[in-house]
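Trainee: I would like to learn how to read a structure of this kind. Please take me through it feature by feature.

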Amino acid sequence: MTATKEVAVETDLSVRWLIARWAQLVDDRDFEAAAALFAEDGRFRILEEDLVGRPAISDWLTTIPEPIFHHVTNVVVS
């Protein structure tokens, strides 16, 4: 078992909120809003592909078939 670093409660809650918001937006197929969670030059690595920038992330998300449903559990922030 690996030890985790202690993080501020505010940091933990912020990361959990971000993950939950991402899942909600993707499940609702609001891909522009999901991509807007990233910085303008943000990087998203998925399936060994690097997507750089909000437009690239949003465009890739449109390839996700319907329906999609995220079930996020066991979030550990360290």
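**Reading the model**

Mentor: Start with two residues: Phe44 and Trp60 are both buried. Keep in mind that this is a predicted model.

Trainee: What is the mean pLDDT of the protein chain?

Mentor: Where pLDDT is low, the predicted coordinates should not be read in detail. Here the mean pLDDT of the protein chain is 92, and 95% of its residues reach 70 or more.

Trainee: Which residues have the most contacts inside the largest nonpolar core?

Mentor: In soluble globular proteins, nonpolar side chains tend to be buried together. In this model the largest nonpolar core has 13 residues, and those with the most contacts inside it are Trp22, Val26, Ala34, Phe44, Ile57, Trp60 and Leu61. At least two residues of this core come from each of helix H1 (9-27), helix H2 (31-35) and helix H3 (54-61). Take Ala34 as a case: leaving out residues up to four places away in sequence, Ala34 touches Trp22, Leu25, Val26 and Leu61.

Trainee: How many aromatic pairs does a search of the whole structure find?

Mentor: A pair of aromatic rings is described by the distance of the centres and the angle of the planes. The search finds four such pairs. In one of them, Trp22 and Phe44 have ring centres 5.3 Å apart and planes at 50°, so the pair is tilted. This pair links distant parts of the chain, with Trp22 in helix H1 and Phe44 in strand S1 (residues 43-46), 22 residues apart.

Trainee: Is Trp22 buried or exposed?

Mentor: Trp22 counts as buried because its relative accessibility is 17%, and the cut-off for buried is under 20%. Phe44 also has 17% relative accessibility, so Phe44 counts as buried. Phe44 forms an edge-to-face pair with Trp60, at 6.3 Å centre to centre and with 65° between the planes. That pair too links distant parts of the chain: Phe44 is in strand S1 and Trp60 in helix H3, 16 residues apart.

Trainee: Which residues do ring pairs link into a cluster?

Mentor: The cluster consists of Trp22, Phe38, Phe44 and Trp60.

Trainee: Let us turn to a charged residue. Where is Asp12 found, and is Asp12 buried or exposed?

Mentor: Asp12 is in helix H1. Its relative accessibility is 19%, so Asp12 counts as buried. The side chain of Asp12 makes a polar contact of 2.7 Å with the side chain of Arg16. Apart from neighbours within four places in sequence, Asp12 is in contact with Val7 and Val77.

Trainee: Now the backbone. Which residues does a cis peptide bond join?

Mentor: The bond joins Glu66 and Pro67, with omega at about -20°. Pro67 is in the segment after H3.

Trainee: What is the phi of Leu47, and where is Leu47 found?

Mentor: Leu47 has a positive phi of about 50°, although Leu47 is not a glycine. Leu47 is in the loop between S1 and strand S2 (49-52). With a relative accessible area of 74%, Leu47 is exposed. Asn74 is another non-glycine residue with a positive phi, near 55°. Asn74 lies in the segment after H3, and at 73% relative accessibility Asn74 counts as exposed.

Methods:
Residues are numbered from 1 along each chain as its sequence is written. This is a predicted model: local features need pLDDT of at least 70, side-chain atom pairs count only at pLDDT 80 or more; totals for chains, interfaces and linings use all residues. Side-chain values use heavy atoms; hydrogens and water are left out. A nonpolar core is a set of buried Ala, Val, Leu, Ile, Met, Phe, Trp, Tyr and Cys residues joined through side-chain atoms within 4.5 Å. Buried means under 20% relative accessible area, exposed over 50%, partly exposed in between (1.4 Å probe, protein chains only). Helices (H or I, at least four residues) and strands (E, at least two) are DSSP runs, numbered from the N terminus. Contact means heavy atoms within 4.5 Å. A polar contact is a pair of N or O atoms within 3.5 Å; within protein, one must be able to donate a hydrogen and the other to accept it, and residues adjacent in sequence count only if both atoms are side-chain atoms. Rings of Phe, Tyr and Trp (its six-membered ring) pair if their centres lie within 6.5 Å; planes under 30 degrees apart count as stacked, over 60 as edge-to-face and the rest as tilted. pLDDT is the predictor's confidence in each residue, from 0 to 100.
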